[in-house]
Amino acid sequence: MPQIYTQYNFDMEVLQSKIPVLVDFWAEWCTPCHRFTPIIEKMEKMAAGEYKVGCVDVDKEQKLVERYNITIIPTIIVFKNGQSTAQLVGAVSEEDLRHMMVND
């Protein structure tokens, strides 16, 4: 299970991370989010310390939703060196996620 990011640990775990971080903004009630979960879990297993994978529950973390202007879920944002470097909206493919992590 990917790490859960909240307004209390987001800056430390994501923005201050020395390695890239893939963040999945999702909700429990979101059917596409649930279909996408196996891909997120696979990405986490493949990370091998090269990047981190985590999730933000949009229903519980409204401040982060507003901060990153999340209007559609799932939304995936990759952070590198404290900055958002790539964003995908909707349930995307594993290949798209790997491409995001390698090329951005």
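A disulfide is counted here where a pair of cysteine sulfur atoms lies within 2.5 Å, and the legends that follow describe close-up views of a predicted model.

View 1. A disulfide is a covalent bond between the sulfur atoms of two cysteines. By the rule given above, the count comes to one disulfide, and this disulfide joins C30 to C33, with an S to S distance of 2.4 Å. The torsion about the S-S bond of C30 and C33 is about 75 degrees, so the disulfide is right-handed. Both C30 and C33 are buried. C55 is itself buried, having a relative accessible area of 6%.

View 2. Strand 2, which covers residues 21-26, is mostly covered, since six of its six residues are buried.

**View 3. Strand 3 beside strand 1.** Strand 3 spans residues 52-57 and is mostly covered, five of its six residues being buried. Two bridges join strand 3 to strand 1 (residues 3-4), and the two strands run parallel. Within this pairing, Q3 has G54 of strand 3 as its bridge partner.

**View 4. Helix 2 between strand 2 and strand 3.** Strand 2, helix 2 (residues 31-46) and strand 3 together make a right-handed β-α-β unit. Helix 2 has 16 residues and reaches 24 Å from its first C-alpha to its last, which is close to the 22 Å expected at 1.5 Å a residue. Where in helix 2 does the kink lie? The kink, of about 35 degrees, lies at T37, shortly before the proline P38. An α-helix has 3.6 residues a turn, so residues three or four places apart point the same way. In helix 2, the residues C33, F36, I40 and M43 are buried. Just after helix 2, A48 takes a positive phi of about 50 degrees.

**View 5. Aromatic rings around F10.** A pair of aromatic rings is described by the distance of the centres and the angle of the planes. The structure holds five aromatic pairs. In one of them, the rings of Y5 and F10 have their centres 6.2 Å apart and their planes at 90 degrees, so the pair is edge-to-face. Y5 and F10 are both buried. The rings of F10 and F79 have their centres 5.5 Å apart and their planes at 85 degrees, so this pair is edge-to-face. F10 lies in helix 1 (residues 10-15) and F79 in strand 4, so the pair ties together parts that are 69 residues apart in sequence. F79 is buried, as is F10. Y5, F10, F25, Y68 and F79 form one aromatic cluster.

Key:
Residues numbered from 1 in each chain as written. Predicted model: local features only at pLDDT ≥ 70, side-chain atom pairs only at ≥ 80, totals over all residues. Heavy atoms only, no water. Buried < 20%, exposed > 50% of the residue type's maximum accessible area, 1.4 Å probe, protein only. Helix = DSSP H or I, 4+ residues; strand = E, 2+ residues; numbered from the N terminus. Pairing = 2+ DSSP bridges. Right-handed = clockwise from strand over helix to strand, strands pointing away. Expected span 1.5 Å × (residues − 1). Bend = angle between axes of the 7 residues up to and from the residue. Phe/Tyr/Trp six-rings, centres within 6.5 Å; stacked < 30°, edge-to-face > 60°.
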